[in-house]
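User: I'd like to learn how to read pockets and salt bridges in a protein model. Could you walk me through it?

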Amino acid sequence: MRLAQNLSHARLKTIKQLYMRTFPAAERKPFSIIQKKQAEGSMEILSIENDTGDFLGLAITILYNGIVLLDYFAVDDSQRDGGIGSAALHLLFERYSGRRFLLEIEAPDIPSENGKDRIRRKAFYLRNGMTVMPFRVDLFGVEMEILTYGTQVSFDEYHAIFTHLFTPWMAAKIKRVSQKS
(Lines give C-alpha, C1' and ligand atoms only; values in the text may rest on other atoms or scores of the structure.)
Protein backbone atom coordinates (compact mmCIF):
# COMPACT_ATOMS: atom_id res chain seq x y z
CA MET A 1 0.00 0.00 0.00
CA ARG A 2 1.16 3.55 -0.67
CA LEU A 3 0.19 7.22 -0.51
CA ALA A 4 0.45 8.97 -3.88
CA GLN A 5 0.54 12.73 -4.33
CA ASN A 6 1.31 13.40 -7.99
CA LEU A 7 -2.15 12.61 -9.29
CA SER A 8 -3.55 12.28 -12.78
CA HIS A 9 -6.67 14.20 -13.72
CA ALA A 10 -8.65 10.93 -13.63
CA ARG A 11 -7.38 10.03 -10.12
CA LEU A 12 -8.15 13.53 -8.84
CA LYS A 13 -11.68 13.14 -10.22
CA THR A 14 -12.05 9.80 -8.38
CA ILE A 15 -10.84 11.41 -5.15
CA LYS A 16 -13.28 14.29 -5.55
CA GLN A 17 -16.16 11.86 -6.14
CA LEU A 18 -15.35 9.93 -2.93
CA TYR A 19 -14.94 13.25 -1.07
CA MET A 20 -18.35 14.51 -2.20
CA ARG A 21 -20.04 11.17 -1.45
CA THR A 22 -18.49 10.63 1.99
CA PHE A 23 -18.44 13.98 3.78
CA PRO A 24 -21.56 15.99 4.70
CA ALA A 25 -21.96 19.26 2.81
CA ALA A 26 -21.69 21.22 6.09
CA GLU A 27 -18.21 19.75 6.68
CA ARG A 28 -16.77 20.07 3.17
CA LYS A 29 -14.50 22.83 1.96
CA PRO A 30 -14.92 23.72 -1.71
CA PHE A 31 -12.66 21.26 -3.56
CA SER A 32 -11.24 24.15 -5.60
CA ILE A 33 -9.96 25.73 -2.34
CA ILE A 34 -8.28 22.44 -1.39
CA GLN A 35 -6.60 22.31 -4.81
CA LYS A 36 -5.50 25.94 -4.49
CA LYS A 37 -4.05 25.31 -1.01
CA GLN A 38 -2.23 22.24 -2.34
CA ALA A 39 -0.68 24.36 -5.09
CA GLU A 40 0.43 26.83 -2.38
CA GLY A 41 1.96 23.98 -0.34
CA SER A 42 -0.32 24.25 2.70
CA MET A 43 -2.46 21.19 1.90
CA GLU A 44 -1.85 17.77 0.39
CA ILE A 45 -4.33 15.64 -1.53
CA LEU A 46 -3.20 12.02 -1.25
CA SER A 47 -4.51 8.92 -2.99
CA ILE A 48 -4.42 5.72 -0.94
CA GLU A 49 -3.47 2.98 -3.40
CA ASN A 50 -2.55 -0.68 -3.41
CA ASP A 51 0.79 -1.78 -4.83
CA THR A 52 -0.59 -1.97 -8.37
CA GLY A 53 -2.01 1.57 -8.20
CA ASP A 54 -5.68 0.73 -7.66
CA PHE A 55 -7.60 3.41 -5.75
CA LEU A 56 -8.48 2.53 -2.16
CA GLY A 57 -9.22 5.91 -0.56
CA LEU A 58 -8.18 9.47 0.12
CA ALA A 59 -6.37 11.55 2.69
CA ILE A 60 -6.37 15.35 2.61
CA THR A 61 -4.07 17.12 5.05
CA ILE A 62 -3.42 20.68 6.14
CA LEU A 63 0.19 21.60 6.91
CA TYR A 64 1.02 24.49 9.23
CA ASN A 65 3.94 25.32 11.52
CA GLY A 66 4.98 21.73 12.25
CA ILE A 67 1.37 20.57 12.65
CA VAL A 68 -0.48 18.23 10.29
CA LEU A 69 -4.27 18.21 10.43
CA LEU A 70 -5.81 15.18 8.75
CA ASP A 71 -8.72 17.16 7.35
CA TYR A 72 -10.41 14.38 5.37
CA PHE A 73 -9.77 10.63 5.43
CA ALA A 74 -11.91 8.00 3.71
CA VAL A 75 -11.60 4.49 2.40
CA ASP A 76 -13.72 3.69 -0.67
CA ASP A 77 -16.93 1.86 0.27
CA SER A 78 -15.90 -1.22 -1.70
CA GLN A 79 -12.62 -1.49 0.23
CA ARG A 80 -13.81 -1.15 3.84
CA ASP A 81 -13.34 -3.65 6.66
CA GLY A 82 -10.11 -5.12 5.31
CA GLY A 83 -7.61 -3.21 7.45
CA ILE A 84 -6.95 -0.61 4.76
CA GLY A 85 -7.93 2.31 7.01
CA SER A 86 -5.52 1.27 9.76
CA ALA A 87 -2.70 0.60 7.30
CA ALA A 88 -3.26 3.94 5.56
CA LEU A 89 -3.40 5.80 8.86
CA HIS A 90 -0.04 4.31 9.85
CA LEU A 91 1.41 5.34 6.48
CA LEU A 92 0.26 8.87 7.31
CA PHE A 93 1.93 8.70 10.74
CA GLU A 94 5.16 7.68 8.98
CA ARG A 95 4.85 10.33 6.26
CA TYR A 96 4.44 13.09 8.83
CA SER A 97 6.74 11.75 11.54
CA GLY A 98 8.45 14.64 13.30
CA ARG A 99 5.34 16.79 12.97
CA ARG A 100 2.40 16.97 15.36
CA PHE A 101 -0.46 14.98 13.84
CA LEU A 102 -4.11 15.63 14.67
CA LEU A 103 -7.64 15.32 13.37
CA GLU A 104 -11.23 16.21 14.25
CA ILE A 105 -14.11 13.77 14.72
CA GLU A 106 -17.77 14.46 15.39
CA ALA A 107 -18.39 14.16 19.12
CA PRO A 108 -19.82 10.65 19.61
CA ASP A 109 -21.85 11.52 22.71
CA ILE A 110 -23.98 14.15 20.95
CA PRO A 111 -27.32 12.67 19.79
CA SER A 112 -27.33 12.38 16.00
CA GLU A 113 -28.56 10.28 13.09
CA ASN A 114 -25.06 8.88 12.62
CA GLY A 115 -24.37 8.20 16.31
CA LYS A 116 -23.20 4.61 15.73
CA ASP A 117 -20.81 5.76 12.99
CA ARG A 118 -19.38 8.41 15.31
CA ILE A 119 -18.74 5.82 18.05
CA ARG A 120 -17.19 3.39 15.56
CA ARG A 121 -14.99 6.16 14.10
CA LYS A 122 -13.66 7.21 17.51
CA ALA A 123 -12.95 3.58 18.47
CA PHE A 124 -11.01 3.14 15.19
CA TYR A 125 -8.73 6.09 15.91
CA LEU A 126 -8.19 5.10 19.55
CA ARG A 127 -7.30 1.52 18.47
CA ASN A 128 -4.70 3.04 16.16
CA GLY A 129 -2.93 4.94 18.93
CA MET A 130 -4.61 8.32 18.89
CA THR A 131 -5.66 10.16 22.05
CA VAL A 132 -8.40 12.69 22.75
CA MET A 133 -7.38 16.25 23.62
CA PRO A 134 -8.97 17.88 26.69
CA PHE A 135 -11.05 20.33 24.64
CA ARG A 136 -13.76 20.25 22.01
CA VAL A 137 -14.51 22.69 19.24
CA ASP A 138 -17.57 23.98 17.47
CA LEU A 139 -16.55 23.65 13.84
CA PHE A 140 -19.19 25.43 11.75
CA GLY A 141 -21.93 24.33 14.13
CA VAL A 142 -20.72 20.73 14.59
CA GLU A 143 -19.22 19.77 17.95
CA MET A 144 -15.92 17.98 17.36
CA GLU A 145 -13.31 16.23 19.45
CA ILE A 146 -9.64 16.72 18.60
CA LEU A 147 -7.47 13.60 18.53
CA THR A 148 -3.68 13.53 18.27
CA TYR A 149 -1.01 10.93 17.67
CA GLY A 150 1.83 10.89 20.19
CA THR A 151 1.60 14.59 20.97
CA GLN A 152 -0.43 17.36 22.55
CA VAL A 153 -1.90 20.42 20.91
CA SER A 154 -3.65 23.38 22.49
CA PHE A 155 -6.81 24.98 21.20
CA ASP A 156 -4.82 28.09 20.26
CA GLU A 157 -2.36 26.01 18.19
CA TYR A 158 -5.24 24.20 16.50
CA HIS A 159 -7.10 27.45 15.82
CA ALA A 160 -3.95 29.09 14.41
CA ILE A 161 -4.15 26.69 11.45
CA PHE A 162 -7.39 28.32 10.33
CA THR A 163 -6.35 31.85 11.32
CA HIS A 164 -3.21 31.72 9.19
CA LEU A 165 -4.20 29.54 6.24
CA PHE A 166 -7.83 30.41 5.63
CA THR A 167 -10.08 33.45 5.82
CA PRO A 168 -10.87 35.39 9.01
CA TRP A 169 -14.51 34.43 8.44
CA MET A 170 -13.60 30.73 8.55
CA ALA A 171 -11.43 31.12 11.66
CA ALA A 172 -14.27 32.99 13.40
CA LYS A 173 -16.57 29.98 12.83
CA ILE A 174 -14.34 27.74 14.99
CA LYS A 175 -14.72 28.09 18.74
CA ARG A 176 -13.72 26.16 21.84
CA VAL A 177 -16.87 24.69 23.42
CA SER A 178 -15.45 22.77 26.37
CA GLN A 179 -12.31 22.16 28.34
CA LYS A 180 -11.73 19.11 30.51
CA SER A 181 -9.62 19.49 33.63
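Analyst: Gladly, starting with pockets. On a 1 Å grid over the protein atoms alone, a cavity is a set of points where a 1.4 Å probe fits but cannot get out, whereas a pocket is an open set with protein on both sides within 12 Å along at least five of seven lines; lining residues have an atom within 4 Å of a point. This is a predicted model, where local features need pLDDT of at least 70 and side-chain atom pairs count only at pLDDT 80 or more, while totals for chains, interfaces and linings use all residues. Residues are numbered from 1 along each chain as its sequence is written, and side-chain values use heavy atoms, with hydrogens and water left out.

User: Which residues lie nearest the centre of the largest pocket?

Analyst: Rolling a probe the size of a water molecule over the atoms shows where empty space is left. Here, Thr22, Phe23, Phe73, Arg121 and Tyr125 lie nearest the centre, out of 41 lining residues. The largest pocket holds about 1,100 Å³ of space, a volume being the space filled by probe spheres set on grid points joined across faces, edges and corners.

User: How many residues of each class are in the lining?

Analyst: There are 22 nonpolar, 7 polar and 12 charged residues. Ala, Val, Leu, Ile, Met, Phe, Trp, Tyr, Cys and Pro count as nonpolar, Asp, Glu, Lys and Arg as charged, and the others, Gly among them, as polar.

User: Now salt bridges. How many does the structure hold?

Analyst: Side chains of opposite charge can pair when their charged atoms come close. The cut-off is a side-chain nitrogen of Lys or Arg within 4 Å of a carboxyl oxygen of Asp or Glu. The structure holds 15 salt bridges, including Lys29 with Asp71 at 2.7 Å, N to O. Lys29 lies in the loop between helix 1 (9-22) and helix 2 (31-40) and Asp71 in strand 4, so the pair ties together parts 42 residues apart in sequence. Helices (H or I, at least four residues) and strands (E, at least two) are DSSP runs, numbered from the N terminus.

User: Are Lys29 and Asp71 buried or exposed?

Analyst: Both are buried, that is, under 20% relative accessible area; exposed is over 50%, and partly exposed lies in between (1.4 Å probe, protein chains only).

User: Which residues are linked in a network of salt bridges?

Analyst: Asp109, Lys122, Arg136, Glu143 and Glu145 are. Within it, Arg136 meets Asp109 at 2.9 Å, N to O, and Glu143 at 3.0 Å between the closest N and O atoms. Arg136 is buried at 9% relative accessible area, Asp109 is exposed at 52%, and Glu143 is partly exposed at 26%.
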